[in-house]
Amino acid sequence: QEDDFKKVISHAKEYGYVFQSSEIYDGLSAVYDYGQNGAALKNNIKEYWWKAMVQLHGNIVGIDSAILMHPTTWKASGHVDAFNDPLIDNKDSKKRYRADVLIEDHVAKIEAKIDKEVAKASKRFGDAFDKEQFLATNPRVVEYQEQACSILKRMGKSLENEDLADVKSLIEELGIGCPLSGSKNWTDVKQFNLMFGTKLGASSENAMDLYLRPETAQGIFVNFLNVQKTGRMKIPFGIAQIGKAFRNEIVARQFIFRQREFEQMEMQFFIRPGSQREWYEKWKEDRIKWHWSLGMGKDNYRFHDHDKLAHYADAAADIEFKFPFGFKELEGIHSRTDFDLGNHEKYSSKKLQYFDPELNESYVPYVVETSIGVDRMFLAVFSNSLQEEDLGNGTTRTVLKLPAVLAPTKAAVFPLVKKDGLPELAHGIVEDLKWDFNVLYDEKDAVGRRYRRQDAAGTPFCITVDHQTLEDGTVTVRHRDTMEQQRVPKENVKRIIAQEVDM
Ligand code: ATP
């Protein structure tokens with residue numbers, strides 16, 4: 001697993017997808033840059049989301065609010081008081097950790113033991129193996145499950161009650177050591193606010209303390225009435241936005257999964273109070289279908305319903321994806337009640353209400369939100385697509401099977417050889433296609449090498465011009481995933497590509 005993940009990271013670099021930020025200065029931890037292919041993949045992910053959420057919904061509109069907001073925003077939203085992670089330092093190694101992550105890692109080790117038992121039993125019993133039954137009845141596995149469950153429950157309770165001393169006791173009782181040195185010499189657990197602070201204004205006396213936004217949602221809430229009035233929106237309606245968010249994450253690892261600067265795609269759906277359960281279920285269903293539509297395998301997704309709720313929510317679920325390091329949160333769906341608008345009313349003393357003509361009354365709307373990280377979606381798509389394929393004759397190929405709709409380059413056009421007018425013909429095809437798709441021209445190396453290069457870069461089609469093209473105007477279209485080649489009139493190429501890449 002770890003090796004697979006290392007391959008993902010090095011492939012992302014080698015093919016111009018993701019670079020460590022400021023690499024020539026040895027990088028900045030948990031900050032990344034997207035290269036020529038990465039930027040294109042990221043844009044395509046955003047477009048795929050925007051089309052599904054905004055363009056296809058008559059009652060959802062999109063905005064673009066500022067990263068810097070009035071500081072009271074973050075008092076009202078609860079982020080100043082409650083956007084914290086519990087930190088613990090190891091006294092010997094002087095390294096800092098998130099206490100909840102240390103405990104979760106410990107639980108993951110117990111879960112790995114369960115997986116091992118399952119694998120052993122499945123091997124022993126073969127076809128007759130019933131996993132569900134095994135999990136429910138094998139005494140050792142049942143004990144592991146109970147252990148894992150009770151640890152997570154106790155942690156959840158202690159964090160909820162802000163009982164940080166108990167979080168420390170739990171770490172000590174479980175005998176958790178520092179991941180680097182193994183040392184079990186821990187400090188007390190402290191809360192650490194994740195927001196990045198900055199200053200507005202030139203002189204230090206009258207500078208105003210600001211935060212870089214830790215989520216895009218608040219830009220939507222503070223504009224709720226502006227959009228509702230100018231767009232003449234009727235409840236239920238949604239406001240969507242894509243933009244950067246910043247969090248001073250402590251456990252910054254797992255590549256672009258958890259970054260300090262990242263992008264979110266969020267949608268706040270404003271509804272009548274009391275209808276939140278229905279809309280929450282509806283958005284859970286809609287969002288999982290959006291993920292499935294990319295064809296990356298339904299088994300790679302699962303819901304995780306939260307027992308422990310954030311300060312603003314009355315129901316919450318994650319859509320988890322099977323990343324190379326296991327199932328982890330990809331998207332959150334939250335029923336936020338009137339928490340945000342209600343608090344902004346309080347702090348701003350402005351009415352943030354909607355007059356419902358059908359009910360003939362005014363109220364603060366309830367909100368169901370869907371929130372997904374662009375970068376996490378990128379990692380999901382990229383890691384799932386990267387495959388090492390055995391071609392059967394002792395050779396393998398590395399292929400990046402990106403959903404065609406998201407691929408940075410849709411087609412590469414090759415002349416078979418660099419003479420006889422073939423390059424000119426190939427350039428002509430590029431000129432024709434480039435108005436509709438991102439395409440590239442390549443004439444370097446043998447054509448087989450060129451195919452492999454595009455396989456690894458994720459390009460779904462290769463178009464090759466050869467001597468027959470001179471005679472009858474046909475070209476070969478090679479499909480990345482099947483490696484099949486078809487001979488078609490060059491006028492048909494556009495339609496063939498469009499069939500697969502159009503949303
Ligand atoms: P986590 O539990 O992983 O820290 P979260 O529950 O704090 O995430 P939310 O506040 O619900 O996350 O944010 C919504 C989405 O934003 C997440 O589902 C994730 O896709 C993305 N996201 C959150 N934090 C980060 C980060 N540091 N780097 C990249 N993406 C992030």
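**The open sheet, a helix and the ligand shell**

Guide: An open sheet of mixed pairing is built from 5 strands in the order β20-β19-β21-β22-β23. The model is a predicted one, in which local features need pLDDT of at least 70, side-chain atom pairs count only at pLDDT 80 or more, and totals for chains, interfaces and linings use all residues. Residues are numbered from 1 along each chain as its sequence is written.

Visitor: What makes β20 and β23 the edge strands?

Guide: Two strands pair if DSSP finds at least two bridges between them, strands being DSSP runs of E with at least two residues and helices runs of H or I with at least four, numbered from the N terminus. β20 (439-441) and β23 (485-489) each pair on one side only, and are the edge strands.

Visitor: How do you know that β22 and β23 pair?

Guide: β22 (residues 474-479) and β23 share 5 bridges in the antiparallel sense. The requirement is at least two bridges, so the two strands count as paired.

Visitor: Which residues of α8 are called buried, and why are they placed on the same side?

Guide: V167, L170 and I171 are the buried residues of helix α8 (residues 164-173). A residue is buried if 20 or more other C-beta atoms lie within 10 Å of its own, exposed if 12 or fewer, and partly exposed in between. The arc, taken from the directions from the helix axis to the C-beta atoms, is only 100° for these residues, which therefore lie on the same side of α8. They pack against β4 (84-89), α5 (99-125) and α7 (139-160), whereas the face turned away carries the exposed A165, E172 and E173.

Visitor: Which residues come nearest to the ligand?

Guide: Among the 16 residues around the ligand, F262, G332, S371, G373 and R376 come nearest; a residue is near if its C-beta atom, placed from the backbone, lies within 6 Å. β13 provides the largest share of the shell, 4 residues.

Note on methods: Two residues are in contact if their C-beta atoms, placed from the backbone, lie within 7 Å.
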